[in-house]
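Below is a set of questions and answers for a reader who is new to this structure.

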Amino acid sequence: MRALTIRQPWASAIAYAGKTIENRVQRWSYRGPLLIHAGAAIDRAAKKHPPMAAVLRGLQLEQRAVIAVARIADCHPDDGACTPWSVPGHFHYVLAAVTPLPLPVPHERGALGLWVPSADLVAQVRQQLDDDTVHQLFDEVGAER
C-alpha cells in the first residue's frame, strides 16, 4: 500500500471528476493500491487547464486528508493523446478503481512522491470501503508489486 499527496484541485479531480491519469516527471515501478491524499497546498494555476474549469464549480476542496482510493494499474510516457488530463512530457500513471471516500480521513502530513501510510491510516480508510472495493483494490492477485 502506498499513498500519494496531490495538490488541490487535482486530488478532487481524481476523486470526483474522472481524472484517471496522474502526471509525474519521475517513473515508479510501484503498481497497486493507492491512497489519494489531498495536500495542504492549492494549485492556483490549475484553473488554466481546460478540463479543470468545469470541475472547480461546486467542489469542496478538502485539504490535509485522504479523500479517495485507487489502484495504479499502469504507467506510460506521454504519447500526445492519452486523455484531456494528460500533461505533455510527463509519465502518465493510469488510475483504476478510483473510489471517493464518504468522509475524508484527516492526515496532516504527506510527502513528495509515493509514501507508505501508517497501518492506522489504512485501517481508517478501509472502514469506509465496501467489501467489493476492498477486494478490487487490496486482494487481487498481482495488485501490489
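**Reading the terms**

In this predicted model, the buried residues of helix H3 pack against E3, E4, E5 and strand E6 (114-115).

Q: Which residues of helix H3 are called buried, and what makes them so?
A: In helix H3 (residues 119-126) they are Leu121, Val122 and Val125. The word applies because each has under 20% relative accessible area.

Q: What makes E2 and E6 edge strands?
A: Each of them, strand E2 (21-24) and E6, pairs on one side only. The six strands form an open sheet in the order E2-E5-E4-E3-E1-E6, with mixed pairing.

Q: Why are E1 and E6 said to pair?
A: Pairing requires at least two bridges between the strands. E1 and E6 have two bridges, in the antiparallel sense, and therefore count as paired. Alanine 3 stands opposite tryptophan 115 in E6.

Q: Where does H3 sit relative to the sheet, and what angle does its direction make with that of E5?
A: H3 packs on the sheet and touches E3, E4, E5 and E6. The angle with the direction of E5 is about 80°.

Q: Which residues touch the most other members of the largest nonpolar core?
A: They are Ile6, Ile36, Met52 and Ile67, in a core of 24 residues. Several elements supply at least two residues each, including strand E1 (2-8), helix H2 (50-56) and strand E4 (65-77). E4 gives the most, with six residues. Another core, of 16 residues, lies apart from this one and has Leu35, Ala97, Val125 and Leu137 among its members.

Q: What does methionine 52 touch beyond four places away in sequence?
A: Methionine 52 touches Pro9, Trp10, Ala13, Ala46, Lys47 and Trp85. These are contacts because heavy atoms lie within 4.5 Å.

Terms used:
Residues numbered from 1 in each chain as written. Predicted model: local features only at pLDDT ≥ 70, side-chain atom pairs only at ≥ 80, totals over all residues. Heavy atoms only, no water. Core = buried A, V, L, I, M, F, W, Y, C linked by side-chain atoms within 4.5 Å. Buried < 20%, exposed > 50% of the residue type's maximum accessible area, 1.4 Å probe, protein only. Helix = DSSP H or I, 4+ residues; strand = E, 2+ residues; numbered from the N terminus. Axes fitted to C-alpha atoms, helices over the stretch in contact; angles between N-to-C directions.
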